[in-house]
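User: Hi! Could you walk me through this model? I'd like to start with the packing and then hop around a bit.

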Amino acid sequence: SQLPGWSTRPDGSIVIAMGNDDALGVYTCTPYNSYGTAGESRPTRVLLKDPPAFTVRPKEEYFQEVGRELVIPCAAHGDPPPTVTWLKVGSVGKSGAQVDGNSSLVFRPLVKEQHGVWECTATNQVASVSTATSVHVLGTSPHAVTNVSVLPLLLAANISWEPGFDGGYFQRFSVWYTPLVKHPPRAHHDWVSLSVPVGAQHLLVENLQPDMSYQFSVLAQNKLGSGPFSQIVTSVPRGFPVTTVPPEPPAMTMRVFLSPPQALTANETVRGVLLQWEPPAQFSVALSGYALELRQDKGGWEVLDRSIPSTKTQVLVPGLIKDAFYEFRLVAFAGSYISDPSNTVNVSTAGMEVYPSRTQLPELLPQPVLAGVIGGICFLSVAVIFSTMAACIMNRRRAARIQKRRQDPPLVFSP
């Protein structure tokens with residue numbers, strides 16, 4: 001006899017609309033027709049299992065300072081007991097986080113690259129369920145802006161973007177742009193930067209040439225330093241005859257070759273890590289300089305120094321964080337062209353005698369500027385000392401003259 005909610009299909013299958021204790025047991029199927037039956041099927045057992053259900057869910061958001069510990073709970077039950085896993089949404093590779101025996105996500109310590117959305121998933125043989133939480137890492141430089149778009153206008157372009165997380169501090173933006181075609185008067189790679197008004201998420205760049213392609217990028221900054229540049233977007237202002245095939249370049253146009261810097265090496269010194277390299281093997285125009293990029297613990301690449309002269313083949317990087325893993329690479333500038341990155345060198349500060357530094361490494365102060373600052377301070381100090389001594393001598397002489405006048409007898413005139 002059938003129970004409520006039970007039914008059979010034309011092919012002989014049995015359908016149980018809602019599983020409960022009535023469905024538990026051993027079942028066999030017996031096919032037959034007008035000639036009889038060949039016997040029943042092998043028995044099959046029906047068991048009731050429970051899909052995973054969360055007993056502890058993480059909060060929607062967590063805010064914590066960089067370098068501290070953060071524990072996010074997540075627990076579930078089911079039959080059979082589910083397996084709980086954590087994954088950062090949109091991440092590639094290892095995240096550096098751990099999961100303890102209670103299925104909680106543990107950051108020890110919390111780093112900038114762990115900022116984002118994390119998903120807790122409970123899985124067993126019946127089903128999988130997920131829940132998500134957002135982790136906000138405070139006390140860092142800003143994150144890169146996203147969704148950069150350029151709207152071509154007449155002799156202008158309107159750049160808009162979506163801000164990244166500000167690192168817990170007020171952030172400002174600047175738009176950087178450069179033409180792709182190098183004019184003869186431009187002797188070096190020249191990116192122009194424009195400050196964005198406070199609170200704005202777009203900027204109109206005017207006075208552009210209609211027959212030239214431009215590259216645009218957006219940079220975010222806060223009190224701790226600069227974040228990484230956004231993706232580069234190329235656009236052509238209106239006025240360029242887009243429906244007409246551009247003319248072939250003249251035969252005298254020179255093709256530019258620019259290979260990356262070579263043989264980048266890193267050596268530990270008492271003052272920091274010394275990076276040394278060799279110039280590019282091939283370049284058809286004069287080098288303008290180098291830019292040094294780094295990333296920490298497999299995070300995103302950030303620009304550490306974008307103004308290294310072309311004559312230098314080494315640079316000192318002080319102030320690294322102890323017990324961290326760094327990667328460095330170089331790019332070369334020549335005219336309006338940027339080379340591919342050099343080879344990457346790895347630096348581990350485990351066991352090194354270094355001092356803690358903030359998340360954003362400080363800009364390196366050029367030695368000539370440092371010498372000028374020290375010289376100016378010394379000159380002012382000497383001038384103040386001499387001025388003080390001169391004032392003291394003049395005061396003593398004045399006091400002596402007044403004392404002598406008081407001691408001399410008054411002059412008496414008789415008629």
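**Cores, a sheet and a disulfide**

Analyst: Happy to! The largest nonpolar core has 22 residues, and Leu275, Leu292 and Phe328 have the most contacts inside it. A nonpolar core here is a set of buried Ala, Val, Leu, Ile, Met, Phe, Trp, Tyr and Cys residues joined through side-chain atoms within 4.5 Å. This is a predicted model: local features need pLDDT of at least 70, side-chain atom pairs count only at pLDDT 80 or more, and totals for chains, interfaces and linings use all residues. Residues are numbered from 1 along each chain as its sequence is written, and side-chain values use heavy atoms, with hydrogens and water left out.

User: Which strand gives the most to this core?

Analyst: Strand 27, with five residues. At least two residues each come from strand 23, strand 24 (289–296), strand 25 (302–308), strand 26, strand 27 (325–334) and strand 29 (345–348). Strands are DSSP runs of E, at least two residues long, numbered from the N terminus.

User: And what does leucine 292 touch?

Analyst: Leaving out residues up to four places away in sequence, its contacts (heavy atoms within 4.5 Å) include Leu275, Val303, Leu304, Ile308, Phe328 and Arg329. There is also a second, separate core of 20 residues, with Ala157, Trp161, Val175 and Val196 among them.

User: Switching to sheets: what is the order of the three strands in the open sheet?

Analyst: The order is 22-23-26, with antiparallel pairing; two strands pair if DSSP finds at least two bridges between them.

User: How many bridges join strand 22 and strand 23?

Analyst: Five, and strand 23 covers residues 273–278. As an example, glutamate 268 has valine 273 in strand 23 as its bridge partner.

User: New topic. How many disulfides does the structure hold?

Analyst: One, counting pairs of cysteine sulfur atoms within 2.5 Å. Cysteine 74 is joined to cysteine 120, S to S 2.0 Å. Cysteine 74 lies in the loop between strand 7 (70–72) and strand 8 (75–79), while cysteine 120 is in strand 12 (residues 116–123), 46 residues apart, so to speak linking distant parts of the chain. The link is left-handed, with -85 degrees about the S-S bond.

User: Are those two cysteines buried or exposed?

Analyst: Both cysteine 74 and cysteine 120 are buried, meaning under 20% relative accessible area; exposed is over 50% and partly exposed in between (1.4 Å probe, protein chains only).

User: Why does cysteine 29 count as partly exposed?

Analyst: Because its relative accessibility is 41%.

Methods:
Helix = DSSP H or I, 4+ residues; strand = E, 2+ residues; numbered from the N terminus.
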